[in-house]
Amino acid sequence: MKVSEQIGLLKEDGFAGEVMEDVLLRDYTSLRIGGPCEVMVSPKDPYSLKLLIEFLREHSIEYFVLGGGTNILVSDRGYNGVVITLRHWQRVETVETSKDQETLFVMAGTSLAMVVGYARDRGLTGLEGLVGIPGTVGGATVGNAGAFGYEFMDVVDRVTVVGPSGMEVIQKGDIEFGYRYAVLPGTVVAVHLVLRKADPQEIKTRMKEFLEKKKATQPLDTLSAGCVYKIAADATAGKLIEEAGLKGKRIGDIMVSEKHANFFINLGSGSAEDFVKLMELVRQEVMRQFSVELEPEIKL
Ligand SMILES: Cc1cc2nc3c(=O)[nH]c(=O)nc-3n(C[C@H](O)[C@H](O)[C@H](O)COP(=O)(O)OP(=O)(O)OC[C@H]3O[C@@H](n4cnc5c(N)ncnc54)[C@H](O)[C@@H]3O)c2cc1C
């Protein structure tokens, strides 16, 4: 029996959701690169996600949780397993409020932009630097997204995950957060954020400034997956790549952006193979010139 049919049988146990076959992953990534996956599942609710993950683990079927696809490179051959998408889980609401702060409940599939906009409209501070970052709250949590001195972890209070022992809520103090990562024992279902109340006009002004800076320094209107490499040693990876003379370097239809050297852009028909080749070329050249080992930020 095909995996999709087996997953379909979970409906008898209460699973609800969509099961799609042979889905082209390039349609789900900001780079517009990636071959097909055999099965993509969009569970309707956390209970269905729990059933699905239990089933996949029990049968040793590989799976991958896809957020907005804005920080991943998918192979041209696609993914040989089940892709889980939580894109339809979009909700942000205030669940607690006090004189100084609000606690927000946010579902993992909610776009980060929606949460940033919500905070701006309610005069809540803490997310200003994340303005303009694409992707979902699930992705921002596991990648501890950040910019301009702001990090997602700064506003996280607790994270609800579906892990090996079912659904659990993990308090911030029990989560290891670091530069562009968080160690979590499962798939992020939802996050509670705590944001302080502040002057709405100042928040708007800060967001506007950060967004203008971002637009001026990053190729936001091209096909990319954000920063390819993490900050290296004392310099940013972008600076090292630029100083190595690699801006504009191109393999096939993948090019090191002229605007920001740590963004590799797909000029139209770029492939994952060429992307990886360009990454390797850049890594070797930076190592040769500066003796610095670059570590990928993008998930391969
Ligand atoms: C133009 C552009 C600008 C960017 N600027 C920035 C920036 O300034 N700062 C920054 O930090 N990033 C930036 N990024 C990168 C990216 O947007 C962020 O890393 C974002 O948080 C990734 O979220 P996503 O939902 O797209 O995750 P995806 O790319 O879909 O996935 C990334 C990883 O998260 C995992 N994941 C996703 N959702 C879940 C979940 N619910 N549970 C468990 N694991 C999950 C995936 O399995 C994968 O390993 C930029 C990207 C682009 C294209």
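View 1. Helices (H or I, at least four residues) and strands (E, at least two) are DSSP runs, numbered from the N terminus. This is a predicted model, in which local features need pLDDT of at least 70, side-chain atom pairs count only at pLDDT 80 or more, and totals for chains, interfaces and linings use all residues. Residues are numbered from 1 along each chain as its sequence is written, and side-chain values use heavy atoms, leaving out hydrogens and water.

**View 2. The overall dimensions of the protein, about 60 × 55 × 30 Å along the principal axes of its C-alpha trace.** Of its 300 residues, 51% count as buried, meaning under 20% relative accessible area with a 1.4 Å probe, protein chains only. Among contacts (heavy atoms within 4.5 Å) between residues at least 6 apart in sequence, 62% join residues at least 24 apart.

**View 3. Asp-253 in its loop between strand S15 (250–251) and strand S16 (254–256).** Is Asp-253 buried or exposed? Asp-253 is buried, with a relative accessible area of 16%.

**View 4. The neighbours of Asp-253, including Ile-265, Asn-266 and Leu-267.** Leaving aside residues up to four places away in sequence, Asp-253 also touches Gly-268, Ser-269, Gly-270 and Asp-274. The side chains of Asp-253 and Arg-250 are joined by a polar contact of 2.8 Å. Such a contact is a pair of N or O atoms within 3.5 Å; within protein, one must be able to donate a hydrogen and the other to accept it, and residues adjacent in sequence count only if both atoms are side-chain atoms.

Definitions and conventions
Buried means under 20% relative accessible area, exposed over 50%, partly exposed in between (1.4 Å probe, protein chains only).
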